[in-house]
Amino acid sequence: MLLYSNALSGHSHRVRLFLSLINHPVELVEVDILRGEQKTNEFLKMNSLGQIPVLRDGDVVIGDSNAILVYLAKKFGRVDWLPEDPLGAAQVHRWLSIAAGELAYGMAAARRTRLFSAKPVPEDVISRSYALLNVLDEELEQRDWLTGRLTLADIALYTYVARAPEGGIDLTSYPYVQTWLCRIESLPHFVPFVKTPAGLAAA
Ligand SMILES: N[C@@H](CCC(=O)N[C@@H](CS)C(=O)NCC(=O)O)C(=O)O
């Protein structure tokens, strides 16, 4: 199994984290996204959107971090991570949508702006980030895990919430979010995501 990824990519880390937690080996292929390796003709044949991560599993090639998480859970029959009952499945998919929506255009975008551009983080990105943090903190006050038990939902949200301070988003007023991050970091086989200079300066 090969994972085309980049060490600075939270979407890539999401997949690496899940593979590590289920103790499945993967070979990482580093894609230099700053030099545009994800836009070469060869790469576009794997993912026409020209994005990482991409998983290659024999003849199977899948782009999109959340799609890869679903593939892996299904392939390994891990109904603990992706329940099959209608409500359990819907609860996980709700958070996968939030990861691809409010999280991607909020905390992930804030970090990307601070890391890769000299421009300030736009106001709408900041307000979207705090709106999601308010929702997360309220929900995590009621339960330890996003859907009530540890699932792909927690994995999909973890990385960019953990590194929100790198985008200038302050987590100190969100105690339940912080406890949830620690809970994930305490799992056996947890692999950390890189801390960038922007994050270290913010810490
Ligand atoms: N929805 C995609 C988003 C992936 C994404 O935004 N990847 C970024 C790196 S974190 C990327 O490939 N950026 C380079 C580009 O878009 O050219 C997923 O979940 O995998």
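Buried, in these notes, means under 20% relative accessible area. I'm working from a predicted model, so I keep that in mind throughout.

**Entry 1: Phe18 and its partner**

I started with Phe18, which has a relative accessible area of 0% and is therefore buried. Next I looked up aromatic pairs and got a count of 4. One of them joins Phe18 to Trp81: the ring centres are 5.1 Å apart and the planes stand at 75°, so I logged the pair as edge-to-face. The cut-off behind that label is over 60 degrees between planes. Where do Phe18 and Trp81 lie? Phe18 is in helix α1 (residues 10-21), while Trp81 is in the loop between α3 (65-75) and α4 (86-116), so the pair ties together parts 63 residues apart in sequence. Trp81 has 6% relative accessibility, so I put it down as buried.

**Entry 2: another aromatic pair**

Tyr158 and Phe190 also pair edge-to-face, with 5.5 Å from centre to centre and 85° between the planes. This pair links distant parts of the chain, 32 residues apart: Tyr158 belongs to helix α6, and Phe190 to the loop between α7 (175-185) and α8 (197-202). I checked burial here as well, and both Tyr158 and Phe190 are buried.

**Entry 3: charges over rings**

I then went through arginines and tryptophan rings. Arg94 has its charged end over the ring of Trp95, 4.8 Å from the ring centre. Arg183 does likewise with Trp145, its charged end sitting over the ring at 5.9 Å from the centre.

**Entry 4: Thr147**

Trp95 turned up again when I looked at Thr147: leaving aside neighbours within four places in sequence, Thr147 is in contact with Gln91, Val92, Trp95 and Ala153. Thr147 sits in the loop between α5 (123-142) and α6 (152-162). Is Thr147 buried or exposed? Its relative accessible area is 16%, so I count Thr147 as buried. A polar atom of the Thr147 side chain lies 3.1 Å from the backbone oxygen of Arg149.

**Entry 5: the sheet**

Last, I looked up the strands. There is an open sheet of 4 strands, ordered β2-β1-β3-β4, and the pairing is mixed. Which strands stand at the edges? They are β2 (27-30) and β4 (60-63); each has a single partner strand, so one side of each lacks a neighbour in the sheet. From one strand to the next, the twist averages 20°. I also checked how β1 (residues 2-5) meets β2: the two run in the parallel sense, paired over 4 bridges. For Leu2, the bridge partner in β2 is Glu27.

Key: Residues numbered from 1 in each chain as written. Predicted model: local features only at pLDDT ≥ 70, side-chain atom pairs only at ≥ 80, totals over all residues. Heavy atoms only, no water. Pairing = 2+ DSSP bridges. Axes fitted to C-alpha atoms, helices over the stretch in contact; angles between N-to-C directions. Buried < 20%, exposed > 50% of the residue type's maximum accessible area, 1.4 Å probe, protein only. Polar contact = N/O pair within 3.5 Å; in protein donor to acceptor, adjacent residues only side chain to side chain. Contact = heavy atoms within 4.5 Å. Phe/Tyr/Trp six-rings, centres within 6.5 Å; stacked < 30°, edge-to-face > 60°. Lys NZ or Arg CZ within 6 Å of the ring centre and 35° of its normal.
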